[in-house]
Amino acid sequence: MDRNAWQQAGERLRSGEGSLASLWGEPGIAHMALMDTAGNLEVVHLACSDHRFPSIGRLHPPAIRLERSMRDLVGLDAEDAPDVRPWLRHSAPYPFLAAEGESLHQIAVGPVHAGIIEPGHFRFTANGEAVVRLEQRLGYVHKGIDALMAGAPIEGATRLAARVSGDSTVAYGLAFSQAVENALGMELPPRAVWLRALMAELERLANHFGDIGAVCNDASFTIMHASFGLLREQVLRAANACFGHRLMMDCVMPGGVRGDLSAEGVQRVSALIAFARKEFPRLVELYEDTASLKDRTVDTGIVSAALVQQYAAGGFVGRASGRAFDARRTPGYAPYNQLQFQVPVVHAGDVNARVWIRIQEVEQSLSLIEQILKQMPSGLTEVAMPQALGGVREGAALVEGFRGDIFAWLRLGDDGRVARCHLRDPSWFQWPLLEAAIEGNIVADFPLCNKSFNCSYSGHDL
């Protein structure tokens with residue numbers, strides 16, 4: 001693209017003609033991934049000879065944090081950007097946004113927290129207990145993923161991608177592998193494709209079980225936390241028995257999957273599904289019938305449909321506020337085009353809605369796993385990588401993790417190594433909405449709101 005076309009793309013985003021899939025850079029080049037209203041992905045590039053590019057964030061707020069990250073990572077400055085504060089450099093004083101009014105006070109939370117979780121700073125401005133403004137400061141677990149990817153062999157880069165966010169290791173492995181396969185024009189054996197879907201749905205189950213219990217725990221309903229913890233543990237044990245790792249880390253790779261599902265593995269997963277179908281409805285009924293719990297979750301932390309649409313927020317955050325987007329459907333990928341499932345959508349946009357989306361997605365995943373086990377084809381589980389690339393190749397992919405859509409783009413050099421790679425977590429477009437969700441709520445409801453989003457620090461702070 002030239003500068004004019006780049007700016008026109010920003011204008012289309014502002015008018016709602018498409019959504020921003022990601023924005024990133026490398027020295028001298030800015031990249032942007034766009035999705036049109038039909039779900040088609042387009043990756044565009046802009047040469048930045050003076051290390052500057054027209055700001056997209058000036059026109060489309062979801063780009064602001066990505067532009068701040070680009071400046072710190074690769075030295076590209078967004079012209080006329082609305083926010084030029086550093087993103088990853090924590091040595092200098094940080095000017096939090098001001099809030100005007102009488103009797104306002106600030107509450108600083110983090111970056112070090114009381115639990116065993118990753119660091120993030122939350123600055124509240126409150127009037128008594130009512131939150132007037134929340135601002136996040138992240139980037140504390142920056143790992144230099146983009147720089148580590150540059151020049152890495154494909155095998156090493158695959159392992160790195162799987163560790164971007166450990167709770168989404170299958171989804172990240174799948175996104176990276178699909179990008180490599182798209183770049184190389186590889187065709188996978190059908191059994192590998194179906195095994196990947198099985199792993200992805202097991203990962204979704206484990207995380208949704210954990211999240212539902214954790215939301216209830218933050219409302220002091222600990223029996224649900226313990227009960228859902230048991231369900232999550234059963235999923236992790238089944239994954240370990242079938243694929244050799246509780247999180248199924250390094251099981252998905254370009255060309256297929258490592259290992260196979262044995263007959264004993266089929267029995268183990270089938271037993272897991274039977275156990276979940278027995279226990280899960282009872283817990284859902286308990287959640288729904290506990291008035292004191294629902295009093296904490298209903299009408300708390302509401303995110304408007306307009307914000308969700310503007311930020312193209314995926315996963316349970318988006319679907320709880322009416323955005324019916326699921327990368328398994330749009331743009332879609334195999335084998336989900338051969339499977340029957342619904343994309344649940346509600347419109348309340350509160351904590352309760354985000355819990356209910358998870359509940360309904362659990363039910364869909366249980367059904368999907370049953371279908372996968374019945375229809376699983378036989379045959380090979382991997383194919384060899386091409387020996388010669390024949391020039392520079394680019395590939396991109398969008399897959400559905402448990403939080404939402406994960407985007408991957410890469411460029412392979414003619415030496416077969418990764419020249420550049422960019423991975424975008426769904427949390428980039430969800431963290432800002434948490435700031436909006438807590439406004440007007442009380443400070444004590446922040447843990448509930450935060451857990452109902454369950455954004456990734458690690459996946460965000462690349």
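Colleague: What covers the buried residues of helix H4?

Modeller: This is a predicted model, and in it helix H4 spans residues 154–161, with Ile154, Ala157, Thr158, Leu160 and Ala161 buried. Seen down the axis of H4, these buried residues stay within an arc of 160°, so they line one face of the helix. The cover over them includes helices H3 (145–149) and H5 (169–184), along with strands S9 (152–153), S10 (252–253), S13 (405–412) and S14 (417–424).

Colleague: Nice, now to the strands. In S2, which residue is the bridge partner of leucine 23?

Modeller: Let's start with strand S1, residues 18–26, which is mostly covered, as eight of its nine residues are buried. S1 runs antiparallel to strand S2 (residues 29–36), and eight bridges join the two. Within S2, leucine 23 has as its bridge partner methionine 32.

Colleague: And in the hairpin of S1 and S2, which residue takes a positive phi?

Modeller: The hairpin has two residues between its strands. The one with a positive phi, near 90°, is glycine 28.

Colleague: How do the residues of the contact of H7 with H8 divide into nonpolar, polar and charged?

Modeller: Happy to walk through that one. The axes of H7 (residues 222–243) and H8 (residues 263–289) come within 10 Å and cross at roughly 170°. Angles over 145 degrees count as roughly antiparallel, so that is how H7 lies to H8. Residues making the contact include Phe228, Leu231 and Arg237 of H7 and Leu272, Phe275 and Glu279 of H8. By class, the contact residues comprise 17 nonpolar, three polar and three charged.

Conventions: Residues numbered from 1 in each chain as written. Predicted model: local features only at pLDDT ≥ 70, side-chain atom pairs only at ≥ 80, totals over all residues. Heavy atoms only, no water. Buried < 20%, exposed > 50% of the residue type's maximum accessible area, 1.4 Å probe, protein only. Helix = DSSP H or I, 4+ residues; strand = E, 2+ residues; numbered from the N terminus. Arc of directions from axis to C-beta. Contact = heavy atoms within 4.5 Å. Pairing = 2+ DSSP bridges. Axes fitted to C-alpha atoms, helices over the stretch in contact; angles between N-to-C directions. Parallel < 35°, antiparallel > 145°, perpendicular 65-115°, else oblique. Nonpolar A, V, L, I, M, F, W, Y, C, P; charged D, E, K, R; others polar.
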